[in-house]
Amino acid sequence: MPAKPAKKTRKIDAFNLAPGRVLARKYEVIRQLGAGWEGEVYLIRELATGIERTAKLFFPQRNLRDKNTHFYATKLHKLRHCPIVIQYSHQDTITVQGEPVTLLISEYVEGDLLSQFIQRHPGKRLPPFEAVHLLHALASGMECIHALGEYHGDLHSDNIIVEGFGLRFDLKLVDLFHLGAPTREHIRMDTVDMIHVFYEALGGQKHYARQPPEIKYIINGLKRSLILKKFKSAGQLRQHLETMRWS
Ligand SMILES: Nc1ncnc2c1ncn2[C@@H]1O[C@H](COP(=O)(O)OP(=O)(O)O)[C@@H](O)[C@H]1O
Ligand SMILES: [Mg+2]
């Protein structure tokens, strides 16, 4: 007898959940926060408590046998004591267009995306000293992740939320990407990505030539090999920032 064919996962390209829609009889959609390759992110309210949270819904064809949600949730849990990482709560399942859809519930972080934060600054860039403080907050936060042998995997200014900004930056990271078991190469990739974020915060190519030598020493013209010669992990970068001298 021929084997029964496995049930095909129906492709869903957009959930487009309307505000007010109730999910799993527990949460109400407030609004959509983002959409990407993997799925969509919503701000939701837990009905029983009124607490706002974030739900990340994964397109079924991008999450076969719940592989991606499993990796994502496990990694967030492993990193739960790193203050820079959003706090994961739990997993749930809803039905959309007749398909079971897995969602991950996390804390909701109020703040601006770093990309917007930079755009709102005068001249759409941060002055060098402020950018160094930003990089220091990012490197210190990432050091916790690297110290646990883990990596972020998709570090850029739309995955960094500026939760607070005063004497120092309070940052939160979302959207960790699974590129396989952690390796030294993944940690190096994060380190190079941090330098790219720093470069973007300083106004990018347009302002690079006029940056002070202390800044150029860190950015290295964005040359990967030169960056990695100086900084192989977030910890090394943080140490440099704490001991560097300004002329
Ligand atoms: N926990 C969170 N708190 C607040 N906003 C969030 C949270 N998670 C995601 N977002 C917002 O939703 C956007 C998309 O989420 P993200 O996890 O980056 O998914 P993707 O980039 O794959 O669409 C983010 O850029 C951010 O603006
Ligand atoms: Mg993202």
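## Ligand 1 and its surroundings

A nitrogen atom of ligand 1 is placed 2.9 Å from a polar backbone atom of V109. The model is predicted.

**Exercise 1.** State which residues make polar contacts with nitrogen atoms of ligand 1, including V109.

*Solution.* Use the cut-off for a polar contact, a pair of N or O atoms within 3.5 Å. The V109 pair, at 2.9 Å, involves a polar backbone atom. For E107, a backbone N or O atom lies 2.8 Å from a nitrogen atom of the ligand. T54 contributes a polar side-chain atom, 3.3 Å from a ligand nitrogen.

**Exercise 2.** Find how much of the accessible area of ligand 1 the protein covers, and where the ligand sits.

*Solution.* On its own, ligand 1 has 540 Å² of accessible area, and the protein covers 86% of that. The site is the largest pocket.

**Exercise 3.** Describe the shell around ligand 1 by residue and by class.

*Solution.* Start with the count: 17 residues surround the ligand, the closest being E107, V109, D158, N159 and D175. Then sort the shell by class, which gives 9 nonpolar, 4 polar and 4 charged residues.

**Exercise 4.** Trace the shell to secondary-structure elements and domains, and explain why ligand 1 lies between two domains.

*Solution.* The elements giving two or more residues are β2 (27–35) and β4 (52–58). The largest share, 3 residues, belongs to β2. At the domain level, domain 1 (22–107) and domain 2 (112–243) both give residues to the shell, so the ligand lies between them.

Conventions: Residues are numbered from 1 along each chain as its sequence is written. Chains are lettered from A and ligands numbered from 1 in the order in which they are written. This is a predicted model: local features need pLDDT of at least 70, side-chain atom pairs count only at pLDDT 80 or more; totals for chains, interfaces and linings use all residues. Side-chain values use heavy atoms; hydrogens and water are left out. A residue is near a molecule or strand if one of its heavy atoms lies within 4 Å of it. A polar contact is a pair of N or O atoms within 3.5 Å; within protein, one must be able to donate a hydrogen and the other to accept it, and residues adjacent in sequence count only if both atoms are side-chain atoms. Accessible areas come from the Shrake-Rupley method with a 1.4 Å probe; for residues, only the protein chains shown count as cover. On a 1 Å grid over the protein atoms alone, a cavity is a set of points where a 1.4 Å probe fits but cannot get out, and a pocket is an open set with protein on both sides within 12 Å along at least five of seven lines; lining residues have an atom within 4 Å of a point. A molecule sits in a cavity or pocket if more than half of its atoms lie within 2 Å of its grid points. Helices (H or I, at least four residues) and strands (E, at least two) are DSSP runs, numbered from the N terminus. Ala, Val, Leu, Ile, Met, Phe, Trp, Tyr, Cys and Pro count as nonpolar, Asp, Glu, Lys and Arg as charged, and the others, Gly among them, as polar. Domain bounds come from an automatic or database domain assignment.
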